[in-house]
Amino acid sequence: MNTLNTTNDYEKNFENTLSNALKLFDIKISKEYLDWFAYNPLYPTLNLLERAFKQMGFSSLVVQIKIEKLNQIPLPAITHLSDGVGRFVIITTITDDKVIIHDSVNGYQTLSKVDFFQDSNGVFLLLEKENKPTLSISSLEENNGKKIKYLTSFLVLSLFSLVLLNPSKANLFYFFIGLSGFVLSLTIKLVESNIVLNSFCKIGSNIDCNTVLNSKGSYIFGTVKASDLSLFWYLFIFIFTLLSTLKESQYHLLNLLGYLSILYLPYSIIYQSLVIRKWCMLCLSIQFLILVHFLYSLLHVPINSLSEMNIKADVLSLPIILLCFALTLLLKIYLEKNSRAKELSLSRNLFSLDEEILEHYLKGKPTIATNLGKASINMISSPKDVEITIVLNPLCEACKKAFEKLLRLHLVRPSIFINVIMVKKWNSKEEDEIFKLIFSEEIENRFSILKAVMTGEKYKSGESNMEQSHDFMETHQNWFEKSGLEYTPRYFMNGKLVPEKYNLDDIMYHLLHFEKHLNNE
């Protein structure tokens with residue numbers, strides 16, 4: 001029998017069942033992909049599992065059969081047992097009187113065939129593997145993995161050859177310290193950006209790179225990301241070693257870095273062991289290099305001799321520092337861009353390939369009333385095929401950018417109706433003035449005044465109605481408090497809250513690429 005994963009509870013039963021079923025077909029699936037299913041309106045159902053397998057290149061079909069036909073179904077298959085727990089299970093073996101299943105909590109179990117069939121209601125998801133997974137996120141991860149391997153191999157071989165051809169230009173110790181540190185730092189940035197899977201660095205409950213790398217302690221003085229500094233630090237050592245023509249005895253600058261870097265070591269160890277109580281293997285590898293660098297500096301250049309730093313080394317270091325800073329910045333921008341591209345690719349696959357999801361937002365029944373009657377702020381005269389409600393604060397910079405994007409979307413698709421729910425966050429004087437200005441206007445003027453405020457345009461206001469302004473402010477604020485929302489901006493599509501995993505770019509993409517829905521075809 002295949003060794004399948006189990007967990008302590010049924011909270012992720014749907015995701016674990018999907019992952020284990022794919023494992024039986026020798027297909028790996030990322031945690032990022034699994035996490036998106038919880039945001040699908042069909043979650044958790046056999047129908048959603050059926051669609052997931054179809055997206056990954058399977059022939060999948062939900063069927064209802066009689067017990068006499070149970071022995072004829074292809075295995076593995078999936079069903080949902082309503083036996084008090086309510087769980088998805090994988091059927092691995094069927095005999096004349098027994099059924100062997102895999103449960104995401106209890107592992108393999110042998111059940112009576114009759115009892116099993118009753119609990120399943122005779123409904124099963126049948127699977128047949130046709131070809132390789134078609135979901136772009138799978139190929140994206142595979143391609144990124146190959147790129148990283150090729151890039152690392154090329155870097156190591158070419159630069160090592162350079163050192164061997166001209167050994168007088170580099171101190172081998174610093175060459176390998178710089179190269180090792182750079183490769184480790186680059187790997188950390190790839191994990192932070194979710195461009196490579198971090199499962200290799202998640203072992204048990206105490207070792208978890210992702211948790212450490214995304215914690216507050218990963219920032220130095222709360223502003224500079226430690227991984228960015230590490231990337232710059234080791235890139236500088238590496239390039240300085242390659243370009244320098246100085247002798248080993250004159251490497252005072254690099255030895256000074258060895259003394260300085262040791263200051264970070266106790267902070268990181270204490271933070272991981274006593275504060276966050278989790279360890280990052282990649283971080284510990286960097287810290288090992290820091291310790292080795294410090295000991296080398298201590299043994300070869302006593303700290304009291306650093307006053308003899310070579311002026312030539314100082315002059316050489318300035319352009320290299322600028323070069324390394326520019327390279328670090330470019331790498332950071334590139335990784336962030338690729339991380340966003342991967343996230344968008346994933347969200348668009350799971351949101352748009354399955355048209356029922358879009359149908360849910362465009363044609364399903366509203367889950368919350370977003371029309372506030374006389375207190376409303378919206379496009380009064382605009383036609384309304386799709387209504388986008390944005391919950392915003394007028395002083396929030398992210399809200400201003402989002403509002404401007406919605407205005408551009410409306411220009412492209414005039415049938416998209418924009419509704420605004422405005423909430424207070426800071427109780428500042430400037431905030432109060434804006435609220436009074438907008439809510440004292442008649443309903444037909446409020447949106448244009450808000451547009452002017454949010455975009456910095458000039459506007460002309462009418463006479464203030466303070467009593468009306470106060471009542472309408474209360475209406476919007478009460479709506480926000482009852483909604484359970486905690487931050488702005490948030491979006492509703494036809495009265496249904498769009499999950500936070502999907503941002504405004506996703507919404508705009510889907511609405512601009514599904515004309516048949518917008519035209520009610």
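These legends describe close-up views of a predicted model.

**View 1. Helix H3 and its surroundings.**
Helix H3 covers residues 46–55, and it is largely enclosed by the rest of the structure because seven of its 10 residues are buried. The buried residues are Leu46, Leu48, Leu49, Glu50, Ala52, Phe53 and Gln55. Gly57, with a positive phi near 90°, follows H3.

**View 2. The salt bridge between Glu50 and Lys54 in helix H3.**
The two side chains meet in a salt bridge with an N to O distance of 3.4 Å. Glu50 and Lys54 are separated by about one helical turn, because they stand four residues apart in helix H3. Glu50 has a relative accessibility of 9%, so it counts as buried. Lys54, at 45%, counts as partly exposed.

**View 3. The salt bridge between Asp228 and Lys189.**
In this salt bridge, the closest N and O atoms of Asp228 and Lys189 are 2.6 Å apart. The pair links distant parts of the chain: Asp228 belongs to helix H8 (residues 226–243) and Lys189 to helix H6 (residues 172–192), 39 residues apart. Asp228 is buried, with a relative accessible area of 13%, and Lys189 is buried as well, with 6%.

**View 4. The salt bridge between Lys424 and Asp432.**
Here the closest N and O atoms are 2.4 Å apart. Lys424 counts as partly exposed at 21% relative accessibility, and Asp432 is partly exposed with a relative accessible area of 23%. Elsewhere, salt bridges that share partners join Lys189, Asp228 and Lys332 into one network. A search of the whole structure finds seven salt bridges.

**View 5. A patch of negative charge on the surface.**
Glu467, Asp471, Glu474 and Glu481 gather in this patch. Asp471 is part of helix H17 (residues 466–483) and counts as partly exposed, at 41% relative accessibility. Between the C-alpha atoms of Glu474 and Ala375 the distance is 9.5 Å, although the two are 99 residues apart in sequence. Ala375 sits in the loop between helix H13 (355–363) and strand S11 (377–378). Ala375 is buried, having a relative accessible area of 3%.

**View 6. A nonpolar patch on the surface.**
Ile270, Leu274 and Val275 make a patch of about 300 Å². Leu274 is found in helix H10 (residues 264–275) and counts as exposed, at 56% relative accessibility.

Cys283 counts as buried at 11% relative accessibility, and Cys324 is buried with a relative accessible area of 0%. With a disulfide taken as a pair of cysteine sulfur atoms within 2.5 Å, the count comes to zero disulfides.

Definitions and conventions
Residues are numbered from 1 along each chain as its sequence is written. This is a predicted model: local features need pLDDT of at least 70, side-chain atom pairs count only at pLDDT 80 or more; totals for chains, interfaces and linings use all residues. Side-chain values use heavy atoms; hydrogens and water are left out. Patches are made of residues with over 30% relative accessible area and no salt bridge: like charges are joined within 9 Å, nonpolar side chains (Val, Leu, Ile, Met, Phe, Trp, Tyr) within 5 Å. Accessible areas come from the Shrake-Rupley method with a 1.4 Å probe; for residues, only the protein chains shown count as cover. A salt bridge is a side-chain nitrogen of Lys or Arg within 4 Å of a carboxyl oxygen of Asp or Glu. Lys and Arg count as positive and Asp and Glu as negative; His and the chain ends are not counted. The place of a charge is taken as NZ of Lys, CZ of Arg, CG of Asp or CD of Glu. Helices (H or I, at least four residues) and strands (E, at least two) are DSSP runs, numbered from the N terminus. Buried means under 20% relative accessible area, exposed over 50%, partly exposed in between (1.4 Å probe, protein chains only).
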